[in-house]
Amino acid sequence: VGLDADALGSRTSGQLSGGQRQRVSLARAIVTRPRLLLSDEPVSALDASNRNLVLSLLDRLRRELGLAVVVISHDLSSLAGIADRVAVLYRGRLVEQGPIGEVLEHPRHPYTALLTASAPSVRREHRLPPVRLRPDAERPPWPDDEGCVFAPRCRFAGPECRDEPRRTALSDGTGPSHTVACHHTATWRDRIG
Ligand code: SF4
């Protein structure tokens, strides 16, 4: 993982930098040669240069070891450079998933569009005005567990959104690998204003 064991000597974790500690954690995780690595917010506590080092390391390890890596992150921009696919969750529910380039460039769920609009470094659709949350003052009473999980914050919600949308593959030729759970996948963009 790019650490010099001799140089580290007998230093304890408190004597290592954040980036070094993260690399030690990765070494411990892969020493048994797993096939799958789950990495929860691996770079959230690191500065920009260490973040790039650790992300590059994850990318190298997955290629060299044939390792499947699942990264859980709130930072879309940190995933954009290394992930093949992305699954977007809102309150623990999967709302959109697909190839990362497709999802980030053409988000089909209002929540994904909101995320990409909040991360200028990954926002590719410059002509698309940013999606905004429904203002608190306009929020209708909406039982938490009814219908679409995003409905209380979604400015495109309608009565049909009281039924939970099923996750469906896009029918516009992008293939079955890109799925979205929204009743208005094809029309909500027309109502951005
Ligand atoms: S199903 Fe309705 S509430 Fe949910 S994201 Fe789509 S438009 Fe918004």
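Colleague: What covers the buried residues of helix α6?
Modeller: This is a predicted model, where local features need pLDDT of at least 70 and side-chain atom pairs count only at pLDDT 80 or more, whereas totals for chains, interfaces and linings use all residues. Numbering starts from 1 along each chain as its sequence is written, and side-chain values rest on heavy atoms, leaving out hydrogens and water. Helix α6, residues 110-118 (helices are DSSP runs of H or I with at least four residues, strands of E with at least two, numbered from the N terminus), has Pro-110, Tyr-111, Thr-112, Ala-113, Leu-114 and Thr-116 buried (under 20% relative accessible area with a 1.4 Å probe, protein chains only; exposed is over 50%, partly exposed in between). The cover, counted by contact (heavy atoms within 4.5 Å), includes α4, β3, β4 and α5.

Colleague: Which residue of strand β3 forms an aromatic pair with Tyr-111?
Modeller: The structure holds 4 aromatic pairs (ring centres of Phe, Tyr or the six-membered ring of Trp within 6.5 Å; planes under 30 degrees apart are stacked, over 60 edge-to-face, the rest tilted). In one of them the centres of Tyr-90 and Tyr-111 lie 4.7 Å apart with planes at 65°, so this pair is edge-to-face.

Colleague: How far apart are the end C-alpha atoms of helix α3?
Modeller: Helix α3 has 18 residues, and at 1.5 Å a residue (multiplied by one less than the number of residues) it should span 26 Å. The model agrees with this expectation, since the end C-alpha atoms lie apart by 26 Å.

Colleague: Which elements are included in what covers the buried residues of α3?
Modeller: Among the buried residues of α3 are Asn-50, Val-54, Leu-55 and Asp-59. Their cover includes α2, β1, β2 and α4.

Colleague: Is Arg-33 buried or exposed?
Modeller: Arg-33 is found in the loop between α2 and β1, with a phi near 55°, a positive value in a residue other than glycine. Most residues other than glycine have a negative phi. Because its relative accessibility is 61%, Arg-33 counts as exposed.
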